[in-house]
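Work through the exercises below with the sequence and the 3D view open. Try each task before reading its solution.

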Amino acid sequence: MFHVKQSEKESPNTFGIDTPLAREIADLSARRRVLEEVTIEFTGETRILTVSNQKGGVGKTTTAVNIASALAGLGAKVLVIDLDPQGNASTALGVTHTTEVSSIYDVLINEMPLAEIVQQSPENENLFCAPSTIHLAGAEIELVAQVAREHRLRRALHEYLEHHPVDFVIIDCPPSLGLLTINAFTAASEVFIPIQCEYYALEGLSQLLGSIQMIQKHLNPSLHLSTILLTMFDGRTRLAHQVAEEVRTHFPTQVLDTVIPRSVRVSEAPSFGQTVIAYDGQSAGAVAYREAAVEIASRATQSKEK
């Protein structure tokens, strides 16, 4: 029988401490502690962000609802406007959006006041949603014949904010550049683009930027690209790092330092009618979205101080 003498520098209690998994767990725990100590004072000025990317599957709606939930968790009053006929943002925020419910369609087409359709999300008392229903699928065609068709959301939103002030309005757009997205661009002051860390990340982005410039010139001079968030980041692949580096090179001031990792919890949350913040707020995906929200809010605070 052979016996292996244990090194005096090692003990059974320290085995595995320096593994990649252990380092990842330790890093996540440290980030959670930092987030627990974060306090942000909101000025009361409303920021209106439209979350847009004509490429599907980049985490656009997921980003919109989770950033909204994370901001609400920081104490901000947040309104999410679901402009996507699929209504996924409404589902994730746990608000009713059946065909019988008054929705953003009624605001755009029938000029119903926005206040009459807004619902409070059960997730947070500071989180509200203007839901979408399947009726919105026909709105692109119906808007063509409407007067001031590009300004309908802007007018309705301004009327709402006069009596219901919020800190953030986050507009979730469909993955297209039709009249619904144009309404969002006209109503907003900031464009927030989630970009997937994969090969086709920058595909179509030039067309989107061209559309933003056109809106700036003809409809909304105050619109600007303020925020880019890298999503679905897989740190194990060289491709993800290359894509992230390329995006940061092209947009050095707009890209957030935070990246959103691929996460099972983020994917699971919508099936329970929740954001990942409510579903598992301590998971890696939730922590990343909370960090991104802090960064977005802090950037605004820093710009005001300057």
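**Exercise 1. The second largest pocket**

Which helix gives the most residues to the lining of the second largest pocket?

Solution. Keep in mind from the start that the model is predicted.

Step 1. Find the pocket: the second largest pocket has a volume of about 480 Å³.

Step 2. Look at its lining, which has 31 residues. Gly59, Lys60, Thr61, Thr62 and Met232 lie nearest the centre of this pocket.

Step 3. List the elements that give two or more residues to this lining: helix H2 (60-73), helix H3 (88-92), strand E7 (224-233), strand E8 and helix H10 (264-268).

Step 4. Pick out the top contributor, which is H2 with 6 residues.

Step 5. Sort the lining by class: 12 residues are nonpolar, 15 are polar and 4 are charged.

**Exercise 2. The largest pocket**

Solution. 

Step 1. The volume of the largest pocket is about 630 Å³. It is lined by 25 residues, and those closest to the centre are Glu24, Arg31, Pro261, Arg262 and Ala284.

Step 2. Two or more lining residues come from each of helix H1 (20-36), strand E8 (255-261) and helix H12 (284-305). H1 supplies the largest share, 8 residues.

Step 3. By class, the lining of the largest pocket holds 9 nonpolar, 7 polar and 9 charged residues.

**Exercise 3. The buried side of a helix**

Which residues of helix H6 are buried, and what covers them?

Solution. 

Step 1. H6 spans residues 152-163, and its buried residues are Arg152, Leu153, Ala156, Leu157, Tyr160 and Leu161.

Step 2. These residues lie on the same side of H6 because they cover an arc of only 150° around the axis.

Step 3. Among the elements that cover the buried residues of H6 are strand E1 (47-51), strand E2 (78-82), helix H4 (104-110), helix H5 (139-143), strand E5 (168-172) and helix H7 (179-187).

Step 4. For a contrast, take glutamate 162, also in H6. Glutamate 162 counts as exposed because its relative accessibility is 62%, and the cut-off for exposed is over 50%.

**Exercise 4. The nonpolar cores**

How many residues are in the largest nonpolar core?

Solution. 

Step 1. The largest nonpolar core has 52 residues. Ile81, Ile104, Leu114 and Ile171 have the most contacts inside this core.

Step 2. Follow one of them, leucine 114. Neighbours within four places in sequence aside, leucine 114 is in contact with Leu79, Ile81, Ile104, Val107, Ala130, Ala156, Leu157 and Tyr160.

Step 3. A second, separate core has 40 residues, including Val51, Ala76, Tyr289 and Ile296.

**Exercise 5. Positive phi**

Where are glutamate 111 and alanine 148, and what is the phi of each?

Solution. 

Step 1. Glutamate 111 is in the loop between H4 and strand E3 (119-120). Its phi is near 60°, a positive value in a residue other than glycine.

Step 2. Alanine 148 is in the loop between H5 and H6. Phi of alanine 148 is near 50°, again positive in a residue other than glycine.

Step 3. With 34% relative accessibility, alanine 148 counts as partly exposed.

Technical notes
Residues are numbered from 1 along each chain as its sequence is written. This is a predicted model: local features need pLDDT of at least 70, side-chain atom pairs count only at pLDDT 80 or more; totals for chains, interfaces and linings use all residues. Side-chain values use heavy atoms; hydrogens and water are left out. On a 1 Å grid over the protein atoms alone, a cavity is a set of points where a 1.4 Å probe fits but cannot get out, and a pocket is an open set with protein on both sides within 12 Å along at least five of seven lines; lining residues have an atom within 4 Å of a point. Grid points are joined across faces, edges and corners, and a volume is the space filled by probe spheres set on the points. Helices (H or I, at least four residues) and strands (E, at least two) are DSSP runs, numbered from the N terminus. Ala, Val, Leu, Ile, Met, Phe, Trp, Tyr, Cys and Pro count as nonpolar, Asp, Glu, Lys and Arg as charged, and the others, Gly among them, as polar. Buried means under 20% relative accessible area, exposed over 50%, partly exposed in between (1.4 Å probe, protein chains only). The arc is that of the directions from the helix axis to the C-beta atoms. Contact means heavy atoms within 4.5 Å. A nonpolar core is a set of buried Ala, Val, Leu, Ile, Met, Phe, Trp, Tyr and Cys residues joined through side-chain atoms within 4.5 Å.
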